[in-house]
Amino acid sequence: MAAVNLIGSYNYALVALSVLIAMFASYAALDLAGRVTAAGGWTRALWLLGGAGAMGTGIWSMHYIGMLAFILPIPVAYHWPTVLLSLIAAILASVVALGVVSRQTMGWFRALAGSVLMGAGIAGMHYIGMAAMRLPAICQFKSVLVVLSVVFAVLISLAALWITFHFRDEKTGIGWEKLTGAVVMGAAIPVMHYTGMAAASFTPSGMPMDLSHAVSISTLGTGGIAAVTFIVLGLALLTSWVDRRFAAQTLGLQEEKLQQSEAYLAEAQRLSHTGSFGWKPSTGEIIWSEETFRIFQYDRSTKPTVELVLQRVHPEDAVLGKQIIERASRDGRDFDFEHRLLMPDGSVKYVHVVAHALNDVSGSVEFVGAVMDVTAAKRAEEALRRSESYVAEAQRLTHTGSWAWQVAGRDALHLSEEWYRLYGFDPEKGPPAWEERLQRVHPEDRAKWQGVIERAIGEKSDYDVEFRILLPDGTVKYIHTVGHPVLNASGDLVEFVGSSTDITEQKRAEVLLASENRLLEMIAKGDSRVLILDTICRLVEELASGSLPSILLVDPSANRLRHGAAPSLPSPYNEAVDGVAIGPSAGSCGTAAYRAEPVIVSDINTDPLWADYRDVALAHGLRACWSTPILSSAGKVLGTFAIYYREPRSPTALDHSFIKQIVHLASIAVERKQAEEALEALRQAQADLARITRVTTMGELTASLAHEVNQPIAAANTNANTCLRWLAGDTPNIEEARAAAMRIVKDGKRAAEIITRVRQLFKKGTSQRELVDVNEIIREMIVLLRGETTRYKILVGTDLAVDLPQVMADGVQLQQVMMNLMINAIEAMKDALGTRELAIRSQRMQNEEMVVSVTDSGAGLPPQQTEQIFNAFFTTKPHGTGMGLRISRSIIESHGGRLWAADNTPRGASFCFSLPTKAEAHE
C-alpha cells in the first residue's frame with residue numbers, strides 16, 4: 001500500500017509576522033546600505049559586518065518564523081547547530097548584498113553577480129533550515145519548485161539590490177520612498193521562502209527520530225525569536241539614526257565650511273581673475289564658475305558651449321584655439337596655452353588656460369581646469385618690456401651700462417646689454433668671469449682700479465673711478481664707473497651695484513679742445529706750419545694708441561702731395577711718399593686727395609690701391625692706412641691726414657668721429673696759414689697800390705709843393721741878406737744878425753719838414769704803428785695842401801678837440817687818408833660858385849673812439865650812391881682811378897675804425913672816420 005503524504009497547514013498570523021519581519025529587515029537593509037556607503041576605512045568594515053548581522057538576522061528570522069508557521073500533524077523539532085548554520089548563510093548573503101549596493105557604481109555585471117551570490121545564500125539558508133527539521137517523516141522535494149525557488153531567490157535578490165542601491169542615499173529615502181521600497185522588498189522576499197516550502201512533501205516514516213541537539217519551539221519561543229529580531233533590527237536602525245544625525249551635523253558643518261570655502265574660492269577667483277571650468281568632450285557639457293562667466297562676459301543663464309568659447313576667441317587666435325580644443329578632445333591630454341579674447345565692446349583680453357585630463361567611472365575623458373585673465377599682467381609685461389627697451393635705448397644713447405656683482409666669488413649677477421657692448425664681450429657666452437673682466441682694464445690703470453675696489457670692499461663704501469680699458473682689437477676706451485654697496489640685514493657686504501659710462505668721446509673732446517686752443521695759440525703767435533702740423537700728429541698718437549699719423553700737403557703746381565708732418569713714421573718711408581702723385585690709384589692718400597673723400601684701407605697687403613706702394617709700406621711694417629682729405633671752407637683739397645697701423649685694422653664709429661675732429665683742426669691750421677700768406681700778399685699789394693696812389697697824388701701836387709718849398713727858401717735868402725747887412729756895418733749888430741740867423745734856421749727846418757713829409761708819402765716800406773697825434777696829422781696836411789687851397793680860394797677852418805688822445809696807428813697811412821679826403825673836397829669845390837669852405841673837425845666820443853670829419857661846400861654826393869663811391873674803380877672824376885676812397889676805407893678798417901660819407905645841407909658833403917682810442921688798436 002502506497003504511503004500517504006502528510007498534509008500541512010499555515011498559521012497565518014505567523015505568516016503575516018514573517019512578512020512584517022521581511023519588510024522591517026528590508027527597511028533596515030535600505031538604511032544600513034546608506035551608512036555603509038557613506039562610511040570609509042574601518043568604519044565601513046564595522047558598518048558592513050554589523051549591518052550584515054542585523055540584516056541576516058532579519059532574513060533568517062523571517063525564514064524561521066515562516067517555517068514555524070507551517071503546521072504538520074506530527075511533532076517537529078529542530079537541530080539547533082543546523083539552524084545556526086542557516087543563520088550564518090543569511091548573514092553571508094547580507095554581506096554580499098551590502099557590499100554590492102555600497103559601491104559608488106553598480107553595473108549590470110556586478111548586479112547579476114551579486115544577485116546570484118545573494119540568491120544562492122538565501123536559498124542555501126532556506127534549505128539548510130529545512131534540513132534542520134527533525135520529524136517522524138521523510139521529506140521529499142519537487143525539483144521544479146526547488147529550481148523555481150532558487151530562481152525566485154536570484155530575481156528577488158536582483159530586485160532587492162536595485163532598490164537598495166537607488167534608495168540607499170540617506171537624504172533620498174527618509175520618507176515614503178524608502179518605506180515603499182521596503183514594503184516591496186519585504187513582500188517579495190517571502191515569495192522565495194513559501195515557494196521553497198511548497199516544493200517539500202512529507203511522508204510518515206516508522207524510522208526512529210534522531211533528537212540529539214534537537215529542540216522544539218513553543219509559541220513563547222516563536223515570540224522570543226520575533227522579539228529578538230525586532231530588537232536587533234531596531235538597535236541597528238537606532239544606531240544608524242544616531243550615526244546619521246551625527247553625520248548630518250558633521251555634514252552640515254562641512255557644508256557650511258564648504259560654502260564658506262566656495263565663497264572664499266569665488267572671492268579669490270574674482271580677485272585673481274581666475275575662473276574654473278569642467279568639460280566633458282564626449283557630451284559637450286561645460287561647467288563654468290562665476291568668474292569664468294565674468295571673464296567671457298556671458299550671462300549666468302547662458303549655457304556654456306565650445307561654440308560660445310570660440311565666438312569670444314580673437315580672430316587671429318581662432319585657428320590656434322580650435323586646434324587645441326580638437327586635439328584635447330581627440331587625445332585626451334592636458335593642455336596649457338595663452339590666447340586673446342575679443343569682447344563685444346571691442347576690447348581685448350589676454351587669457352591663460354590650463355586644463356588637466358581625468359577619466360570618469362565610465363572611462364570617458366573629462367577636463368578640469370582654470371582660465372586666468374592675464375590682461376593686466378600682459379600689459380604690465382608689455383610696459384615692463386617697453387620700459388626695459390627705453391632703458392636699453394637710453395643706455396645705448398648715453399653709452400652707460402648697468403651691472404651688479406657679488407663680493408663672494410666676484411661673480412657677475414647682472415650685466416646689461418650696453419655693458420657687454422662697452423667691454424667688448426659676447427652676451428651669448430654668458431657673464432665673463434672676474435679675471436676676464438680684470439684683463440679688460442688697461443695694464444697701466446689696473447693697479448689703480450683694483451685699489452679702488454679693494455678699498456670700497458674694506459670700507460663698505462661707494463666708489464667712483466675713471467680708468468681705461470683695452471679691447472682685443474687694440475681700441476682704448478675711457479670708462480667712468482660708479483659703484484654702490486648692498487648690505488644684508490646683518491650689515492654684511494653682499495654685493496655692489498652700479499654703472500659704467502663710456503667717456504671716451506668726452507675725454508677726447510677735452511683733449512681736442514685743449515689741443516685746439518693750444519694750436520690756435522700757436523697759429524696766433526705765428527708758429528711755423530711745420531711745428532703746428534707736428535703737434536697735431538703727436539696729439540693723435542696720444543689719443544689713439546698704436547697709431548702712426550701723417551699729414552701731406554697739396555702742391556698745386558705739380559699736382560702732388562708733399563711731406564707736412566709724420567713724427568713717428570720711418571724717415572725713409574716719409575722720403576719715399578714725399579711727392580706722391582694725386583690719382584685714382586695712388587695709395588690711400590693720393591686717392592683720397594683725388595676723390596676728395598676718405599679712403600679706408602684695412603689691409604695694405606691685399607688692397608689694389610696700394611699696388612705701386614705696397615712694397616715700400618710693407619718693408620716698414622705698415623699694414624693699414626686710413627686717409628681723409630683736408631678740405632678748405634670752400635671745399636678745396638688742401639692735403640690729406642692719414643693714420644697708419646702696423647696690423648690690419650678697420651676704423652670704428654668712434655675712430656671716424658675722432659678723425660673728423662682732427663681733420664678739422666688740420667684744416668684750420670693749414671687754411672689759416674695759407675690765408676695769412678695770402679693776406680700778407682694782399683697787404684703788400686695794397687701797400688704798393690697805396691704808395692702808387694700817393695705818388696700819383698704827389699705828382700699832381702708838384703706845383704703846390706714847389707711853391708710851399710720855395711716860400712721858406714726865399715725867406716731864408718732874405719734873412720741871410722739881412723744878416724749880412726747887419727754884420728757888414730761899421731759897428732756890426734750882433735743881436736740883429738743872430739735874430740736873422742735864427743730865422744734862417746727856422747726857414748730851413750720848415751723847408752726840411754715839407755721835404756720829409758713828401759719823402760714819407762713816397763717811401764715804400766712795411767706798416768709801422770705807434771702812438772700818433774691825429775690833430776698834428778691834420779695840421780701837417782693843411783700845411784701840405786695850402787697851395788691848393790690858396791689856388792682855389794678855399795677857406796680852411798678847423799675845430800680840433802684839445803683833449804683828443806693819441807691813437808695807435810700808422811701815421812703815414814693816416815696822412816694818406818687825410819690827404820685823399822681833403823683833395824676830394826678841394827676838387828669838389830674848385831668850380832663851385834659862392835663861398836668855398838673846407839671844415840675839419842676832430843672830437844672825442846664816449847665809447848672810447850674819436851671821430852674826424854672833413855666837410856666841404858661843393859656839389860655834394862652823387863644821388864643814391866653814398867655807399868657805391870667806396871667801391872673799387874668807382875669814380876665821379878673825369879681822370880680819377882676810383883681807388884682813393886676804397887684804399888682809405890681799407891686803411892681805416894684795418895685800424896678798427898669806420899669811414900662813411902653823408903650829404904650836407906644845403907650843399908656839399910661830409911666824410912667822417914672813427915678810430916679806437918685804445919692802445920690795442922686792430923692790426
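This is a predicted model: local features need pLDDT of at least 70, side-chain atom pairs count only at pLDDT 80 or more; totals for chains, interfaces and linings use all residues.
## Terms and model

Helices and strands are here DSSP runs, helices (H or I) of at least four residues and strands (E) of at least two, numbered from the N terminus.

## The largest cavity

The structure holds 7 cavities of 30 Å³ or more, and the largest of these has a volume of about 260 Å³. Its lining is made up of 15 residues, of which Phe277, Val309, Ile325, Phe335 and Val353 are the closest to the centre of the cavity.

Two or more residues of this lining are given by each of the strands β8 (274-280), β9 (285-288) and β10 (335-342), and likewise by the helices α9 (306-312) and α10 (318-331). The largest share of the lining, 3 residues, comes from β10. Sorted by class, the lining of the largest cavity has 13 nonpolar and 2 polar residues, and no charged residues.

## The second largest cavity

The second largest cavity has a volume of about 180 Å³. Among the 15 residues that line the second largest cavity, those closest to its centre are Trp405, Trp419, Tyr423, Arg437 and Trp449.

The elements that give two or more residues to the lining of the second largest cavity are the strands β13 (400-406), β14 (412-415) and β15 (463-470), together with the helices α12 (417-423), α13 (434-440) and α14 (446-459). By class, 12 residues of this lining are nonpolar, 2 are polar and 1 is charged; because Arg counts as charged, Arg437, which is one of the residues closest to the centre, accounts for that 1 charged residue.

## Ser550 in strand β18

Ser550 belongs to strand β18, which runs over residues 548-555. With a relative accessible area of 4%, Ser550 is classed as buried, because that class takes in values under 20%.

When neighbours within four places in sequence are left aside, the contacts of Ser550 are with Cys537, Ala565, Ala566, Leu569, Thr640, Phe641, Ala642 and Tyr644.

## Gly124 in helix α4

Gly124 is found in helix α4, which covers residues 108-131.

Note on methods:
Residues are numbered from 1 along each chain as its sequence is written. Side-chain values use heavy atoms; hydrogens and water are left out. On a 1 Å grid over the protein atoms alone, a cavity is a set of points where a 1.4 Å probe fits but cannot get out, and a pocket is an open set with protein on both sides within 12 Å along at least five of seven lines; lining residues have an atom within 4 Å of a point. Grid points are joined across faces, edges and corners, and a volume is the space filled by probe spheres set on the points. Buried means under 20% relative accessible area, exposed over 50%, partly exposed in between (1.4 Å probe, protein chains only). Contact means heavy atoms within 4.5 Å.
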